Amino acid sequence: MSTNISRRTFLKGGLAAAGAVAASSMPLPASVKGDTGQELATLIDIRKCIGCEACVEACQEVNAPKFPEPKKPYPKMYPSRVKVSDWSDKRDVMDRLTPYNWLFIQEATVTVDGEEQTYTIPRRCMHCQNPPCADLCPWGAARKLKNGITRIDSDICLGGAKCEKVCPWHIPQRQTGVGLYLDILPAFAGNGVMYKCDRCYNRIEKGELPACIEVCPEKVQKIGPRDEIVKEAHAIAKQINGYIYGEKENGGTNTIYVSPVPFDKLNVAVGKGPGKPGLQPVKDSMAHADNLTKAMVIAPVAGVAAAVGKFYAASKKRPHGEEVNK
Amino acid sequence: MKARTYELTLTQKWLKRFYILLFVVMAFTGFGQMPIFKRYYISDIPGLGWSADFYTTHYIHYLGAALLLGLIMYWIIDYFASGRSEFKLTATAYVRIILLAGIVITGIFRVLKNLPDVVFSPGFTLFIDIAHLGFMMLYLFAALIFLIFKSKWTKGIEA
């Protein structure tokens, strides 16, 4: 642990800065340039991560204009069980997800073949292929973009935190005192705005890389068309006899981790809690809804069949030659 | 020429009761899509703890939507096959039908949006979300007014 911290401190001032300068204005790969509408995924090879937090700092710097600037004092909210979520005085928190920190480095110390190893893992929104946060958002504030990004529109979000509850990793984080709810019924509905990684959608629109990818001195992350990223993840996993996380979790995500250590081991080792997601197996949250959609196709057909059946039975009961409409 | 009252058959009476029950469930689980049941202690009422689980209310809402679609299709076919020779729809029935159509159409788009690989524009997503809620609120308001004034869906064929 201590060696890790000293290494991190060293790297913060050295490698990270050098990497940032070298990589500045690095464009997206040619295959994903422009708004082609294809689903993009990121590949995170955790063997390469050295925990320097250059990505965390770059994320905070680049996304600072999107961060909440709440006005105090906050309106009183009713009933009393509604609590204020205020991170505005804790903007420098970097060891978990907050409205001001959309990416953090998670640490896992595991024993492999009798040897203790420490891995550092960049954690942020997984950008699910069928994101429950966007599907279940009652206002359409959380939505999936064609290029695979799931983002929350801070101009519309009311901060009900439903997205955080339905997210299997509980990623979105709330800040009270900002957003649309202040203009509606601040005392009785809403509680701010939810924030999370938007994978630098505005940079991608311009053909630039997300800040965390661009600045990384170790090239831990890579972005590209999902099928290519998945193929590459499998190739690496095969080569190192490793494991993949994010390809199938929650029905498939656009963040694919590759690790030489099983993810259930890493899941046990990482610190979990509010703003600190685990690496647990996740079933497809929307699978039941997708199955019921099929029932919605069958039900009208059954309704038609029942009505036709009733009409046929009634017409058979009528004496021969009687008119239907009298 | 005098408009007569149309007496519902036994099957129609049971279908009407089922429709009202279905609508109450749909309205409840629909409002439950907003994070208000826990905030306002509704899920604290004994037996309603499930209403704070968004996946449960969503599942019930989808199930109800399937039943509602089946029922609506039954009524449409039944009306054109035999119903229109037995009764007429009132003016307030047409108001209800228009609002119901609004709920159903926006609901269908909402379900489509939730499918994997289906992505609507941000503006359209917002529109269908708010329109679905708006049509439902209008329907409930209209149903209340029609209940107060005892305005039914059907009337008898003029003699």
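Analyst: A crossing of two helices is called left-handed if the near helix is turned anticlockwise from the far one by less than a right angle, and right-handed if the turn is clockwise. Please keep in mind that this is a predicted model, with an ipTM of 0.87 and a pTM of 0.87.

User: Which hand does the crossing of α1(B) and α2(B) have?

Analyst: The crossing of α1(B) and α2(B) is left-handed, and by that rule the near helix of the pair is turned anticlockwise from the far one.

User: Why are α1(B) and α2(B) called roughly antiparallel to each other?

Analyst: The axes of α1, which covers residues 10–31 of chain B, and of α2(B) cross at roughly 150° and come within 9 Å. Angles over 145 degrees count as roughly antiparallel, and α1(B) and α2(B) are therefore given that description.

User: Which residues of α1(B) and α2(B) meet, and how do they divide by class?

Analyst: From α1(B) come B:L15, B:Y19, B:L22, B:V25, B:M26, B:T29 and B:G30, and they meet B:T57, B:I60, B:H61, B:G64, B:L67, B:L68 and B:L71 of α2(B). In this contact there are 9 nonpolar and 5 polar residues, and no charged ones; glycine is counted as polar here, which is the class given to B:G30 and B:G64.

User: What makes α3(B) and α4(B) roughly antiparallel?

Analyst: Helix α3, residues 91–113 of chain B, packs against α4(B) at an angle of about 155°, and the two axes are 9 Å apart. Since the limit for this label is an angle over 145 degrees, α3(B) is roughly antiparallel to α4(B). The crossing of α3(B) and α4(B) is left-handed. On the α3(B) side the contact includes B:V95, B:L99, B:I103 and B:R110, while on the α4(B) side B:I128, B:F135, B:Y139 and B:F146 are among the residues involved. By class, the contact of α3(B) with α4(B) has 13 nonpolar, 6 polar and 3 charged residues.

User: How many residues does each chain bring to the contact between chain A and chain B?

Analyst: Chain A brings 42 residues and chain B brings 33. On the chain B side, α2 (54–81) and α4 (122–148) each supply at least two residues, and α2(B) gives the most, with 18 residues. The side of chain B that touches chain A is made up of 23 nonpolar, 7 polar and 3 charged residues.

User: What is the pLDDT of chain B on average?

Analyst: The average pLDDT of chain B is 91, and 96% of the residues score at least 70. Where pLDDT is low, the predicted coordinates should not be read in detail.

User: How many helices and strands does chain A have, and what share of the residues is buried?

Analyst: Chain A has 10 helices and 10 strands, and buried residues make up 44% of its 326 residues. Of the contacts in chain A with a separation of 6 or more, 67% are between residues 24 or more positions apart.

User: How do you know whether A:R199 and A:N241 are buried or exposed?

Analyst: For A:R199, 27 other C-beta atoms lie within 10 Å, and as 20 or more are required for the label, A:R199 is buried. For A:N241 the count is 7, and because 12 or fewer is the limit for exposed, A:N241 is exposed. A:R199 lies in the loop between β7 (193–195) and α6 (201–205) of chain A, whereas A:N241 is in the loop between α8 (226–240) and β9 (243–245). Each has a positive phi without being a glycine, about 50° for A:R199 and near 55° for A:N241.

User: Why is A:K265 called partly exposed?

Analyst: A:K265 has 17 other C-beta atoms within 10 Å, a count that falls between the limit of 12 for exposed and that of 20 for buried, and A:K265 is therefore partly exposed. A:K265 is part of helix α9, residues 263–269 of chain A.

User: Which peptide bonds are cis, and where are their prolines found?

Analyst: One cis bond joins A:K72 and A:P73, with omega about 0°, and another runs from A:Y78 to A:P79, with omega near -10°. A:P73 is found in the loop between α3 (54–63) and β2 (104–112) of chain A, and A:P79 is likewise in the loop between α3 and β2 of chain A.

Note on methods
Residues numbered from 1 in each chain as written. Chains lettered and ligands numbered in written order. Predicted model: local features only at pLDDT ≥ 70, side-chain atom pairs only at ≥ 80, totals over all residues. Helix = DSSP H or I, 4+ residues; strand = E, 2+ residues; numbered from the N terminus. Contact = placed C-beta atoms within 7 Å. Axes fitted to C-alpha atoms, helices over the stretch in contact; angles between N-to-C directions. Parallel < 35°, antiparallel > 145°, perpendicular 65-115°, else oblique. pLDDT = per-residue confidence, 0-100.
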